[in-house]
Amino acid sequence: MDLSASTLLCPPLEFTDKKEHGVISPSDSSFLKKQQPTIPMEFIWVKEGVGHAHEELREPVVDLEGFFQGDEVATQHAAMLIRAACLNHGFFQVINHGVDSHLITVAYDHMEAFFKLPLSKKLRAQRKPGCLWGYSGAHADRFSLKLPWKETLSFGFHDNGPEPVVEDFFKSTLGQEFDQTGLVYQRYCEAMKELSLALMELLAISLGVDRSHYREFFKEGNSIMRCNYYPPCQEPGLAFGTGPHCDPTSLTILHQDQVGGLEVYVNNKWRTVRPRRDALVINLGDTFKVGSFPQFIVECDVHPLKEECVYVSSIVCCEINLDQSRAHSQALSNGRYKSCLHRAVVNRYKERRSLVFFVCPREDKVVTPPEDLVCREGTRKYPDFKWSDLLEFTQKYYRADDATLQNFTKWLLSSKPPNHH
């Protein structure tokens with residue numbers, strides 16, 4: 001498979017202010033809200049229809065109250081439920097999660113206010129080529145076919161300095177009138193960060209490694225916040241709000257409204273995830289992914305493991321011999337947890353909204369598993385990498401799907417010098 005940029009990523013469209021030659025302009029999302037009998041061809045995924053789920057996913061609902069109160073029995077029970085979910089499909093929901101329900105409601109209010117703005121005002125925050133942050137209509141700035149039926153507003157979050165980065169984003173892109181919006185999302189991201197570190201502790205317990213390992217690794221993370229707005233679609237059988245993919249990030253924390261639309265592919269079937277007002281949906285991403293794939297065995301002392309490390313999946317889609325593993329300082333996994341294929345479908349009559357927080361490491365962190373997990377499993381399957389490598393791959397060269405990690409492995413081993421870390 002040719003992994004050049006021209007093959008992996010649909011050619012980005014030129015930025016124009018109109019629709020030319022039947023192609024959707026990246027700067028015009030008005031087509032999403034026009035009442036037309038058919039949708040533009042750029043949004044059609046499968047001509048015979050995408051097919052919808054008819055069964056519900058039976059993911060566990062994990063009560064975090066006991067964990068936050070320091071109840072060890074409740075903590076172990078929560079970790080057990082998370083372990084069962086991650087061994088099966090990587091999805092679960094959490095309740096009593098500590099995030100203020102009023103804050104969630106206000107975040108939705110500000111999202112609705114933004115997406116109802118005239119297009120000219122939304123474009124003040126337009127996502128620039130090569131940038132992760134900003135407003136996007138159907139990701140037409142990145143792709144030319146199989147466009148998602150949605151508008152998004154994305155921005156980064158970290159708390160590694162004194163500046164409130166979310167507040168600064170809204171102030172610098174949309175002006176003083178959005179100061180309150182910036183404050184709301186700054187607080188929302190801070191709440192997501194606090195919850196994510198608790199979940200990382202439970203994930204560590206579920207894997208039998210030091211319970212502070214992932215918490216320490218992610219406490220300086222650079223995460224991504226995204227507001228999704230899915231307008232009603234006149235042909236919901238042909239389009240997706242978000243196409244089938246696995247998240248390339250580490251952990252996703254989602255709040256979805258009551259319309260529903262999230263579907264997960266488990267045991268060869270698409271299954272719905274029921275919306276719960278009091279719950280947040282959690283799923284593992286590729287950076288934390290674990291699956292059953294071919295292995296090669298390496299003694300635990302072949303590579304001294306770095307102190308800054310994280311447990312990731314190891315997918316091998318090409319032959320990697322022992323010499324290569326020594327040269328590239330392989331990252332490892334035990335082939336357990338899963339990052340599951342999922343998608344968002346659209347509704348003919350109702351708009352849908354969701355708030356998504358993608359938990360990521362700091363970009364210069366080296367992704368490699370905990371030493372005690374490696375020695376227990378005795379397997380090394382995957383090259384160590386920096387989060388910035390995978391981020392670059394998915395932003396410049398590859399559209400995330402169910403084979404992202406396999407193709408990233410090929411790209412990493414072919415494009416990076418042996419000791420690029």
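**View 1. Buried residues of helix α3 in the predicted model.** Thr75, Ala78, Ala79, Ile82, Ala85 and Cys86 of α3 are buried. Seen down the axis of α3, these buried residues fall within an arc of 125 degrees, so they line one face of the helix. Their packing partners are β2 (61-63), α2 (65-68), β3 (91-95), α7 (179-207) and β11 (280-284).

**View 2. Length and ends of helix α3.** Helix α3 comprises 17 residues (residues 72-88), which at 1.5 Å a residue should span 24 Å. The C-alpha atoms at its ends are 24 Å apart, in agreement with that expectation. At the start of α3, the backbone nitrogen of Val73 has a side-chain oxygen of Asp71 within 3.0 Å. Gly90, which follows α3, has a positive phi, near 85 degrees.

**View 3. The salt bridge between Asp257 and Arg353.** The side chains of these two residues meet at 3.9 Å, N to O. The pair links distant parts of the chain, 96 residues apart: Asp257 is in the loop between β8 (251-256) and β9 (262-266), and Arg353 is in strand β15 (residues 352-359). Buried means under 20% relative accessible area. Asp257 is therefore buried at 9%, and Arg353 is likewise buried at 18%.

**View 4. The salt bridge between Lys116 and Glu112.** Their side chains meet at 2.9 Å, N to O. Lys116 counts as exposed, because its relative accessibility is 60%, whereas Glu112 is partly exposed at 26%.

View 5. Arg276 is partly exposed, with a relative accessible area of 29%, and Asp278 is partly exposed at 41%. The model has a count of 16 salt bridges.

Technical notes
Residues are numbered from 1 along each chain as its sequence is written. This is a predicted model: local features need pLDDT of at least 70, side-chain atom pairs count only at pLDDT 80 or more; totals for chains, interfaces and linings use all residues. Side-chain values use heavy atoms; hydrogens and water are left out. Helices (H or I, at least four residues) and strands (E, at least two) are DSSP runs, numbered from the N terminus. The expected span of a helix is 1.5 Å times one less than its number of residues. Buried means under 20% relative accessible area, exposed over 50%, partly exposed in between (1.4 Å probe, protein chains only). The arc is that of the directions from the helix axis to the C-beta atoms. Contact means heavy atoms within 4.5 Å. A polar contact is a pair of N or O atoms within 3.5 Å; within protein, one must be able to donate a hydrogen and the other to accept it, and residues adjacent in sequence count only if both atoms are side-chain atoms. A salt bridge is a side-chain nitrogen of Lys or Arg within 4 Å of a carboxyl oxygen of Asp or Glu.
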